[in-house]
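Please open the structure in your viewer and keep the selection panel at hand. The stops below are to be visited in order.

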Amino acid sequence: MTTNKQIHLVSRPQGEAVADNFRLVESEVPALKDGQVLVRHHFLSLDPYMRGRMNDSKSYAAPQPLDAVMIGGTVGEVVDSRHPGFRAGDNVVGMGGWQQYAVVDAAAPGSLRKVDTTHIPLSAYLGAVGMPGVTAWYGLVKICEPKAGETVVVSAASGAVGGVVGQLAKVRGCRAVGIAGGPDKCRYVVEELGFDACVDYKLHKDLKSLSTALKDACPNGIDGYFENVGGVILDAVMLRMNAFGRMALCGMISGYDGQPIPMQYPQLLLQSRLALRGFIVAEHMQDWPEALKELGTLVATGKLKFRETVAQGIESAPEAFLGLLKGRNFGKQLVKL
Ligand code: NDP
């Protein structure tokens, strides 16, 4: 019998999530039934959306059940298969959760997908060539609708989603400006990812200072904004939006512990005739193939760059996740299993 270490959610956060909300559990991997595949996970993806699933409140997705394996994207290798479409050694991406092994009903649509690691590293299928990359692509292409010569701004710019947004905007001939926390992240966004500028929001704590810094970084105003954070960052960007600007509301991580995020100048939506649209990437599956084709080609040819922060071992997942919510990650947060 093979032992499988798992992380379960055992309680719901009151305000901030804490390590005690999780528990390490050991179980035996069950024998496979017909149609099932056993996957050994190599990497687990940690993503901000998981914080929302920890709550038992109304949302676009059902809450994570208590005393069950935490939900999560995974990449790994098939070690045993009773499904004709998979065999031992196949590299696969799925939603295996916070555990070392998963038994997957491979016939269920979207449960398991084979991936080619010839030109794209396996872990990238959880980042730039996976859900975060498609999120960046969808919000930018379908909502911000960037045109050559326009200015696109993205918050959480050094992260898994934000880093891709700016690089895709550059491919489309735009000026790309990031907003990120601290000099190291800002330097990386400009020097490694090729953005035109990056504003350190930690240096500009109030609205006036942040919007002045954005004015300097965006001399022609802002046409497209990709929002990952909310709060004073959104207020500062809205002050610099050009008439008929488009804003993709992807995430509001500054409010994921449930605190209100007031918008200081909603009248700008009217005065600047802005379009603001929220989206959930999983509701746009029809666009994934086109997005993955572009993202895969750019990564395989070295034109789309990304960085990973890799925690070691399933035991480290809770702390790594709590760190992600506080900005301690640098690029895509993964756990090596
Ligand atoms: P990141 O890799 O960007 O990590 C999160 C980053 O958010 C941190 O590194 C930190 O960067 C920043 N951050 C955290 N707290 C704050 C805060 N209070 N104020 C400002 N910045 C903060 O995560 P992802 O790229 O995976 O996700 C980015 C966003 O996209 C999230 O909001 C997420 O929920 C959203 N998302 C939405 C999807 C959808 O379908 N709508 C799908 C996938 C992701 P820094 O140090 O620079 O502050």
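**First stop: Asp90**

Select Asp90, which is placed in the loop between β5 (74-81) and β6 (91-94). The helix and strand names come from DSSP runs, numbered from the N terminus: helices are H or I with at least four residues, and strands are E with at least two. This is a predicted model, in which local features need pLDDT of at least 70 and side-chain atom pairs count only at pLDDT 80 or more, while totals for chains, interfaces and linings use all residues. Residues are numbered from 1 along each chain as its sequence is written, and side-chain values use heavy atoms, with hydrogens and water left out.

Is Asp90 buried or exposed? Its relative accessibility is 13%, so Asp90 counts as buried. The scale runs as follows: buried is under 20% relative accessible area, exposed is over 50%, and partly exposed is in between (1.4 Å probe, protein chains only).

Now display the neighbours of Asp90. A polar atom of the Asp90 side chain lies 2.9 Å from the backbone nitrogen of Arg87. Not counting residues up to four places away in sequence, Asp90 touches Gly76, Glu77, Val78, Gly85 and Lys114; contact here means heavy atoms within 4.5 Å.

**Second stop: Thr3**

Move to Thr3, in strand β1 (residues 3-9). With a relative accessible area of 36%, Thr3 is partly exposed. Its contacts, leaving aside neighbours within four places in sequence, are Glu26, Ser27, Glu28, Gln100 and Tyr101. Then select Arg53 as well: Thr3 and Arg53 are 50 residues apart in sequence, and their C-alpha atoms are 27 Å apart in space.

Select residues 131-144, which form helix α2. The 14 residues of α2 reach 18 Å from first C-alpha to last, close to the 20 Å expected at 1.5 Å a residue; the expected span is 1.5 Å times one less than the number of residues. Because 11 of its 14 residues are buried, α2 is largely enclosed by the rest of the structure. Among these buried residues are Trp137, Tyr138, Leu140 and Ile143.

Next, select Glu145, which follows α2 and belongs to the loop between α2 and β9 (151-155). Glu145 is not a glycine, yet its phi is positive, near 45°. Glu145 is partly exposed, with a relative accessible area of 42%.

Arg273 lies in the loop between α7 (267-271) and β14 (275-278). Arg273 also has a positive phi, about 50°, although it is not a glycine. Its relative accessible area is 44%, so Arg273 is partly exposed.

Select residues 232-240, helix α6, and colour its buried residues: Ile233, Leu234, Asp235, Ala236, Val237 and Met238. What do these buried residues of α6 pack against? Their partners are β9, β10 (175-180), α5 (207-217), β12 (222-227), β13 (241-249) and α7.

**Last stop: the largest cavity**

A cavity is a set of points on a 1 Å grid, over the protein atoms alone, where a 1.4 Å probe fits but cannot get out, and lining residues have an atom within 4 Å of a point. The count comes to two cavities of 30 Å³ or more. The largest cavity holds about 90 Å³ of space. Select Gly159, Ala160, Lys305, Phe306 and Arg307, the closest to its centre of the 15 lining residues. Helix α3 (residues 162-171) supplies the largest share of this lining, three residues.

Notes: A polar contact is a pair of N or O atoms within 3.5 Å; within protein, one must be able to donate a hydrogen and the other to accept it, and residues adjacent in sequence count only if both atoms are side-chain atoms. On a 1 Å grid over the protein atoms alone, a cavity is a set of points where a 1.4 Å probe fits but cannot get out, and a pocket is an open set with protein on both sides within 12 Å along at least five of seven lines; lining residues have an atom within 4 Å of a point. Grid points are joined across faces, edges and corners, and a volume is the space filled by probe spheres set on the points.
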